[in-house]
Each structure stands twice: as structure tokens, then as C-alpha cells.
Amino acid sequence: MNRLRWVVCLVVVLGGSVPAVSSSPVLSAQYDPMVFVQVNDAVARNAVCNDGTPAAYYVRRGQGTGSHRWVIHLQGGGMCYSGATCQQRSVSMPLLMTSRGLPSMRTGSGVQSPSAYDNPDFFNANHVYVHYCSSDLWSGDREATAESGGWHFRGARIVRAVIDDLMNPTITPSPNLADATEVLFSGGSAGGAGVMVNLDEVADRLPHATVRGLNDAGWAVDIRPYESSIPSFLAQTQQGYALWRGVVDASCAAANPGAEGRCYIGEYAYRFLSTPLFVQQAQFDGAILRLLGVTPPLDDEERAYMLEFAAAVRKSLEPVSAAFSPATATHAIAVNEQFWSLHIGGHSLREVLGNWFFGRPGPIKLIEVRSP
């Protein structure tokens with residue numbers, strides 16, 4: 001597999017879908033959709049997508065007991081890390097490099113579902129879904145130049161601008177994020193990596209609130225790819241960090257001068273975080289394994305590699321205090337119905353995450369051990 005084919009796979013499988021749009025223009029209060037919001041004065045604040053269009057997000061305001069609770073979710077969608085891979089991304093997944101043409105509404109599922117039955121802990125919270133269009137694991141801070149391939153990489157600026165807008169009463173009426181008591185900062189796949197690199201900074205911005213992070217399938221392990229022609233994830237993130245002029249967790253960067261790409265990889269980054277982080281990572285994640293060169297139909301060598309990958313995931317999670325790791329091929333599950341339907345020993349991610357977030361009795365770390 002050549003490098004460009006590898007990148008095409010990367011952007012296709014890592015959560016790069018367009019947000020779903022409600023087909024009904026009139027919905028009951030319980031099922032109000034999330035509405036499109038453009039980052040305020042985005043161009044002047046350098047909170048822009050790869051193509052220079054303003055960054056954007058979707059919001060559904062909380063009600064009742066959830067009016068001071070927030071769930072802020074970073075969309076996934078892979079990355080590009082060189083001029084060639086970014087050019088290929090612009091052809092294969094152009095919607096992940098712009099805010100142009102986004103729908104005016106989206107519906108939420110999983111932890112962002114408005115159903116009290118499906119999502120009892122967070123159904124009436126304030127929900128924010130941030131569109132991914134920077135291709136930099138939510139970490140870049142570089143303007144478009146010839147050396148950057150003509151692309152902006154402003155993921156870090158986008159996160160900061162969204163937090164600013166949600167705290168500004170002229171943009172987000174009170175009670176807004178400045179009045180929050182509880183914040184779940186979550187992300188899927190590339191968004192999960194984005195949570196890790198931004199989590200402590202976001203928590204520092206919100207000292208009045210209990211802030212916790214959820215990395216949903218963005219927990220990379222440093223393992224050799226099955227196919228030797230594929231560059232390792234660490235090699236890609238190190239190259240990407242230089243291209244994007246990445247901004248990662250400050251304590252991790254200080255401990256890894258010249259090797260800041262490690263700060264995108266969970267097993268290296270986790271110990272530097274001051275803010276609590278919950279990790280959801282499947283041990284036979286089909287999306288990640290395909291990127292590593294494992295493709296059906298499987299032979300004995302590929303099955304052996306899958307077991308090696310699963311063991312590496314389990315080992316990487318040993319120091320993590322709160323986790324949900326099924327022995328499945330699932331990828332990101334926090335914002336779809338697998339949030340409540342996928343179980344380990346009879347317990348769902350919804351239950352285990354809720355136990356951890358609210359300090360309830362019950363399991364907060366489940367690591368399944370079985371063959372695929």
C-alpha cells in the first residue's frame with residue numbers, strides 16, 4: 001500500500017461523515033435539533049478551516065436540571081501530514097477541509113441524544129458539536145503559505161474560539177459556558193486525540209466547573225504497522241506536528257522536545273494530563289487495523305497481528321483509571337446508539353461513563369479479554 005492510498009483510507013474511516021440533518025422542520029421540545037453557528041469574527045481570530053472558511057459548530061441549549069451541564073464534542077475525520085497527503089485529502093474528503101455547504105441543523109445520538117430514555121445523564125444538557133475542518137488533530141496554528149501547501153492549520157485556534165464564544169453572553173445567552181458547573185469535553189477518533197491535546201487548557205479556562213474528558217477511539221498505540229510500507233502513526237504525527245506548527249499539551253511537549261508527536265499518542269500523553277480522562281478504545285478496532293494494513297479476508301498472520309494489537313491496547317490502558325475497552329471491531333461509539341447498546345459484562349459505555357463522571361457506585365473501568 002503506497003502512502004497516498006494509506007491517507008485515503010485514513011480519512012474515509014475515521015469519522016469523516018457529514019452531520020445528519022433532521023428531515024422535520026417542526027420538532028417537539030424534547031427533540032429540538034442542534035443548530036448551526038459560525039464562529040464569531042472567525043477570520044480575524046484565525047479560527048478558520050483549511051480553505052480559510054470560518055469554523056463552525058452546532059448547539060442545542062440545555063433545559064431544566066441540565067441548564068448548567070455541557071457536552072462539547074469534537075468531530076473526527078483523520079488528518080493529513082504532508083503536502084501530498086493534504087492534496088489527496090482535498091480530493092477524497094473535501095468536506096473535512098471547509099465549512100462551506102454545511103447543513104443548518106443536525107440531530108444528536110449517543111451521549112448527545114435528546115432522549116431521556118436513551119441518554120438519561122446528558123439528554124437535557126447543553127450540547128455542542130464542533131465541525132472538524134483543520135485536518136490537524138485539532139492542534140495546528142499555522143496560516144496558509146506556499147510551504148503549508150496553501151492550507152491553513154488552525155485546530156487549536158478553533159477550539160479556543162468556540163470556548164470563547166460559548167462563554168460570551170452576547171453570542172451565547174446566559175446561562176452559558178461561563179456559568180457551567182459540569183463539562184464533558186469529548187471527541188471521536190481524531191477528535192479524541194484533539195481532546196487529549198486540548199483538555200488541560202480547556203479545564204484551565206473553566207476553573208468554576210468540573211471538567212472531564214472523553215477520548216472515544218482516538219487512543220493510538222505505538223505499534224509497527226502490519227504492512228511495512230505504511231508509516232507508523234508516530235512518524236505521521238511527528239511530521240504533522242511540524243507541518244501544522246502543532247500546539248499540544250504543554251507539559252507533554254516540555255518532556256518530549258523534538259519528539260512532540262508522542263503527545264498525540266495516548267500511552268505517552270496520558271501521564272501528563274492533570275484533568276481526568278476517560279478512554280473508549282476497542283481492541284480490534286477495524287478502522288485502525290485497516291489503516292495498519294490488515295484487510296479481509298484475513299490470513300493466519302493477520303489474525304496473529306490483530307491479537308498483538310489487542311494486547312498492545314490492553315497494556316496501554318493499564319495506567320488509565322477509567323476506560324471501556326470491548327474486544328470488538330467497533331470504532332467511535334460515543335455519538336451513536338452503541339453508546340448504550342454495546343456491552344461488556346452487561347455494562348454499556350453509557351453506564352460506565354456515567355459512574356465515572358458523577359461518582360456513582362459501579363464499574364468505571366472495563367477491559368474485555370477474548371479473541372475477535
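First, the ground rules. This is a predicted model, where local features need pLDDT of at least 70, side-chain atom pairs count only at pLDDT 80 or more, and totals for chains, interfaces and linings use all residues. Residues are numbered from 1 along each chain as its sequence is written, and side-chain values use heavy atoms, without hydrogens or water.

Now the disulfides, meaning pairs of cysteine sulfur atoms within 2.5 Å. How many does a search of the whole structure find? Three. In sequence order, the bonded cysteines pair 1-4, 2-3, 5-6.

Take Cys49 and Cys133, with S to S at 2.1 Å. The torsion about their S-S bond is about -75°, so this disulfide is left-handed. The two cysteines are 84 residues apart. Cys49 is buried at 0% relative accessibility; buried means under 20% relative accessible area, exposed over 50%, partly exposed in between, with a 1.4 Å probe and protein chains only.

Next, Cys80 and Cys86, sulfurs 2.1 Å apart. That link is right-handed, with 90° about the S-S bond.

Then Cys252 to Cys263, at 2.2 Å. It is left-handed, because the torsion is about -100°.

On to helix H11, residues 349-358. Helices (H or I, at least four residues) and strands (E, at least two) are DSSP runs, numbered from the N terminus. Seven of the ten residues in H11 are buried, among them Trp356 and Phe357. Gly359 follows, with a positive phi near 70°.

Last, Ala144, in the loop between strand E5 and helix H3. Buried or partly exposed? Ala144 is partly exposed, because its relative accessibility is 29%.
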